[in-house]
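Student: I would like to go through this model by asking what each label rests on.
Tutor: Then each value is set against its definition.

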Amino acid sequence: MKVEVTTKRKFQELKEQEIKKQATNEQEGLDSESSTFQNTAEDVQRSKPLNPELVQAASAVASSFPRSKEQAESELLAQLRRHEETTDKQRRGGTINIRNVISEMAVKRQSPAQRGVRISNRISLEMDEDGQRIKPGRSSSRSFDSGRSLKAGKRLNIFTKASPETENTLKTVSSPTIWDLEFAKEIAAVTEQPPRNGFEEMIQWTKEGILWEFPIDNEAGMDDGAEFHEHIFLEKHLKDFPKQGPIRHFMELVICGLSKNPYLSVKQKIEHIEWFRNYFEEKKEFLQEI
Amino acid sequence: MAASALCWALRAARQVLPSQTRGYYVDWRMLRDVKRRKLAYEYADERLRINAIRKNTILPKELQEVADKEIAALPRDSCPVRIHNRCVLTSRPRGVKRRWRLSRIVFRHFADHAQMSGIQRAMW
């Protein structure tokens, strides 16, 4: 059996590490789980044979082992196979290492009383005012139950990121047709309940627009999001007009009046000025005769 | 002209479908008033601008005369002066209170049946 000394040393160290790991695993009591997963992994990967040199090296190392040689050899081979499997997966990309998932989990002990409480929490017999059942509230504190946060920990790579193309296609497909709108209106009409009291009636009216919102907003329905300087400083729209002359004088008066008008939107004011510009453009020849 | 009148008539009388829907304007005068209001709304901006040119001491008078002709060329029903506030329910041209848009008779009818909010018979 040709086994180089250096490789033998390497595998001895490896073996020692594995034994330590397995000892600690036994202490934690996770060994059963890990071994079962090992077995399943083995069963899956048995189709791929290991490198014969590695197998020979493993058997040589196992022979030098003081205790049960066969067990050591089988365990070493299992480890090797797992290494191969992980490297293959990494080559393919995206390993879902179940160990990472389980490493953070722990078996929870529940007393039967607690179980009863849990189940009764799920089934709620209370009714809301609308006649609909109250669902058990999902508090955000559940995520902090075992003192862990959602964001900490290694990334598990279980879910693939949704590509933006699929999102776009979904959006284009679901552009609302008339039938969808009608359906939505039907649902809304069927599910709405008559108001139970005056407050709800007032809420409904406010939504429809019959009742104003209090405290009264003076700019309700009028605010077009333009700042005050866009309303007042309208001189920049006078660029195309002649600098001197009665037309300029006239337009400056127009702008003065528009800037003081609180009832028009900026768009309307600009439209006014545009109209005057077009009007004077048309009358240019006429004006030049004068 | 006749075609447009026919269109308006159709719109006023609606189509005589099996369900016999009728138009909602009390009479033709009310309909004409509605027409005038719609046109006045459409031409309001233009009239305002042309009037701004007319009622002016700065621009030359020739320009103002041209503007005079332009505004006269607009449809006659587009001027707001021709709008008359008729009663909304009976189309009565006179005795109409502006706040309720109702003629005095209709107003009195509703007030006596307690269908006018906040209206009470005066007594002092």
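Tutor: B:R36 has its place in helix α2 of chain B; helices (H or I, at least four residues) and strands (E, at least two) are DSSP runs, numbered from the N terminus. This is a predicted model, in which local features need pLDDT of at least 70, side-chain atom pairs count only at pLDDT 80 or more, and totals for chains, interfaces and linings use all residues. Residues are numbered from 1 along each chain as its sequence is written, chains are lettered from A and ligands numbered from 1 in the order in which they are written, and side-chain values use heavy atoms, with hydrogens and water left out.

Student: Why is B:R36 called buried?
Tutor: Buried means under 20% relative accessible area, exposed over 50%, partly exposed in between (1.4 Å probe, protein chains only). B:R36 has 17%, so it counts as buried.

Student: Which residues is B:R36 in contact with, leaving aside its neighbours within four places in sequence?
Tutor: They are B:D77, B:R82 and B:I83, where contact means heavy atoms within 4.5 Å.

Student: What makes B:R54 and B:D68 a salt bridge?
Tutor: The term requires a side-chain nitrogen of Lys or Arg within 4 Å of a carboxyl oxygen of Asp or Glu. The closest N and O atoms of B:R54 and B:D68 are 2.3 Å apart, so the pair meets the rule. This pair links distant parts of the chain, with B:R54 in helix α2 of chain B and B:D68 in helix α3 of chain B, 14 residues apart.

Student: Why are B:R54 and B:D68 called partly exposed?
Tutor: B:R54 has a relative accessible area of 23%, so it falls in the middle class. B:D68, at 32%, is therefore partly exposed too.

Student: How are B:D112 and B:R121 classed, and what joins them?
Tutor: Their side chains meet in a salt bridge, at 3.2 Å from N to O. B:D112 is at 42% relative accessibility and so counts as partly exposed, whereas B:R121 is at 57% and so counts as exposed. In chain A, salt bridges that share partners join A:D240, A:E274 and A:R277 into one network.

Student: How many salt bridges are there over all chains, and how many cross the interface of chain A and chain B?
Tutor: The count over all chains is twelve, and the rule finds one across the interface. The side chains of B:E70 and A:K283 meet in a salt bridge, with N and O 2.9 Å apart. Helix α12(A) gives the most to the side of chain A that touches chain B, with six residues.

Student: What is the extent of the interface between chain A and chain B?
Tutor: In chain A, 15 residues are in contact with 16 residues of chain B. The area buried between the two chains is about 1,400 Å², and carbon and sulfur atoms give 78% of it; buried area is the accessible area (1.4 Å probe) that two parts lose on being put together, summed over both. A:F250, A:W275 and A:Y279 lose the most area on the chain A side, together 37% of what that side buries.

Student: What makes a set of residues a nonpolar core?
Tutor: The residues must be buried Ala, Val, Leu, Ile, Met, Phe, Trp, Tyr or Cys, joined through side-chain atoms within 4.5 Å. The largest such core has 23 residues, and those with the most contacts inside it are A:F250, A:M251, A:F276, A:F280 and B:I53. Two or more residues each come from α11 (246–259) and α12 (266–282) of chain A and from α2 (28–54) and α3 (61–73) of chain B. The largest share, six residues, comes from α11(A).

Student: Which residues does A:F250 touch, not counting those up to four places away in sequence?
Tutor: A:F250 touches A:F276 and A:F280, and in chain B it touches B:A52, B:I53, B:N56, B:I58 and B:L59.

Student: How many helices and strands does each chain have?
Tutor: Chain A has 13 helices and zero strands. Chain B has four helices and two strands, running α-α-α-β-β-α from the N terminus.

Student: What is known of the confidence in chain A?
Tutor: pLDDT is the predictor's confidence in each residue, from 0 to 100. The mean for chain A is 75, and 67% of its residues reach 70 or more.
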